[in-house]
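Hi,

Here is the structure I said I would pass on. Have a look at it, and below I'll go through what turned up.

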Amino acid sequence: MNVLRSLYASSRARIAALFAVLLLAMTPAWGDSLLPKLDIGKGGHCVRDPKFMRANHMYLILHQRDLVVRQGIRGSKYELTNCVDCHASKVNNSVLGTNQNFCQGCHVYAAVKIDCFECHSSKPQHFPAVADNAAIDPTAPIAPKEKQ
Amino acid sequence: MSDINHGRRQFLAQGSALAAGIAIAPGMLLFDFAHARPAGVPASSAVRWGMLIDTTQCESGCDACVTACRKENGWPEPKTAQDVQWIRKVEIKQISTGKQINLPMMCQHCAEPPCVDVCPTAASFKRADGIVLVDKHRCIGCRYCMMACPYQARSFVHEPVVDHSSEMPRGQGTVESCTLCVDRVDRGEQPACVESCAKEGHKALVFGDLNNPNSEISQRIRSVASIKLREDLGLDTAFSFVGL
């Protein structure tokens with residue numbers, strides 16, 4: 001009986017060890033396969049750092065859109081057209097289309113529906129944006145501040 | 001006081017006089033020239049955009065303004081009465097005399113817009129410079145504004161929009177109408193219809209600032225007889241017609 005029990009215990013330990021090794025081996029592989037692989041398009045310097053943008057990009061244009069439409073205040077540093085201009089894929093000239101495209105890829109990953117492109121163009125605009133677009137910061141009162 | 005200081009004072013005085021001469025009020029200049037509103041500056045009520053339509057210059061069968069509007073704002077060619085139509089050509093014939101009149105019909109950008117009065121979500125609004133717009137972020141597609149408009153200027157987007165224009169967002173389930181090409185106006189350009197009419201050599205459409213007595217439109221309205229459509233409704237439209 002004692003022999004049997006020790007055999008059982010040792011096999012259990014072995015199985016646990018085996019699982020631990022397997023888990024360790026698989027973790028980086030999971031990390032790679034689950035995160036979205038994004039085509040950032042032209043990319044380059046964003047208006048804020050990527051970490052801030054990942055969490056707060058929607059707040060930057062939530063108030064700005066009312067200022068543009070209702071008061072006609074144009075030329076903000078933060079504009080949806082600017083997002084699209086930099087991040088449209090060079091493959092299909094859009095931020096949507098496949099799960100590699102910048103907006104769609106991340107939103108599919110996060111399971112959040114994007115409403116923007118039901119009305120707005122997902123393709124880069126035809127003419128360059130207003131040259132001096134750093135003049136105002138209309139989002140200052142409403143957008144969450146970056147942690148110092 | 002040294003001579004240098006004296007000269008500087010004189011220079012400053014001249015400079016400020018010059019600045020005061022050009023700018024009558026913030027956002028309003030003495031000279032009427034096309035200029036884009038700078039970034040960060042809201043539309044000003046010192047300006048009121050309007051249009052004068054000379055029906056005697058509007059040619060029968062020409063639809064350059066309609067085509068230009070469709071191309072600029074990305075709405076498809078209307079096939080049924082339900083389809084989107086921001087601007088349309090109207091032909092009127094007086095039966096007794098046989099006199100024929102052509103004119104383009106679109107949003108008249110009223111000073112007292114009934115569409116704004118009835119909108120339950122404040123999506124219909126009048127911008128400070130008199131342009132009547134739909135804020136599609138707020139529009140719930142109830143279409144009260146379409147019923148309220150005496151000019152039948154507004155349309156409802158029944159179908160999903162596929163090929164969006166970057167400058168003029170459009171979407172299914174919202175109401176839309178002529179925006180006076182608000183993005184072009186903000187860049188200091190003329191609306192697409194006005195530009196196309198001039199390109200065709202017809203000059204039936206004059207666009208400009210009604211508040212500026214020196215603008216071409218104000219001078220024309222002063223010198224030529226014009227009427228506003230359904231003036232009895234007291235909506236004070238920004239559009240006037242010659243030859244009606």
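Let's start at Q190(B), which sits in the loop between α5 (182-186) and α6 (192-199) of chain B. Bear in mind throughout that this is a predicted model.

In α6(B), the buried residues include A192(B), C193(B), V194(B), S196(B) and C197(B). What covers them? The cover for the buried residues of α6(B) includes α2, β4 (87-93), β5, α5 and β10 of chain B. Just after α6(B) comes G201(B), which takes a positive phi of about 80°.

Not counting residues up to four places away in sequence, its contacts are C65(B), A68(B), C69(B), I87(B), P104(B) and L205(B). C193(B) also turns up in the largest nonpolar core, which has 51 residues. Which members touch the most other members of that core? They are M51(B), I53(B), C65(B), C69(B), I87(B), C193(B) and L205(B).

Another spot to look at in chain B is S124(B), in strand β6 (residues 124-126). S124(B) is buried, because 26 other C-beta atoms lie within 10 Å and the cut-off is 20 or more. Beyond residues up to four places away in sequence, S124(B) touches C115(B), V116(B), C119(B), V134(B) and C145(B). Q57(B) is 67 residues apart from S124(B) along the chain, and their C-alpha atoms are separated by 32 Å.

For chain B as a whole, there are seven helices and twelve strands. The chain has 244 residues, and 35% of them are buried. If you take the contacts in chain B between residues at least 6 apart in sequence, 60% join residues at least 24 apart.

Now for where the two chains meet: 21 residues of chain A are in contact with 20 residues of chain B. On the chain A side, the elements that give two or more residues are α3 (64-71) and α6 (116-119) of chain A, and α3(A) gives the most, with four. By type, that side of chain A divides into six nonpolar, nine polar and six charged residues.

Finally, a word on confidence in chain A. Its pLDDT averages 77, and 63% of the residues score at least 70. Where is confidence lowest and where is it highest in chain A? It is lowest in helix α1 (residues 2-34), at a mean of 61, and highest in α3(A), at 95. Over residues 127-148 of chain A the pLDDT is below 50, although this stretch has 37 contacts in the model beyond near neighbours in sequence. Where pLDDT is low, the predicted coordinates should not be read in detail.

Cheers

How values were computed: Residues are numbered from 1 along each chain as its sequence is written. Chains are lettered from A and ligands numbered from 1 in the order in which they are written. This is a predicted model: local features need pLDDT of at least 70, side-chain atom pairs count only at pLDDT 80 or more; totals for chains, interfaces and linings use all residues. A residue is buried if 20 or more other C-beta atoms lie within 10 Å of its own, exposed if 12 or fewer, and partly exposed in between; C-beta atoms are placed from the backbone. Two residues are in contact if their C-beta atoms, placed from the backbone, lie within 7 Å. Ala, Val, Leu, Ile, Met, Phe, Trp, Tyr, Cys and Pro count as nonpolar, Asp, Glu, Lys and Arg as charged, and the others, Gly among them, as polar. pLDDT is the predictor's confidence in each residue, from 0 to 100. A nonpolar core is a set of buried Ala, Val, Leu, Ile, Met, Phe, Trp, Tyr and Cys residues joined through C-beta atoms within 7 Å.
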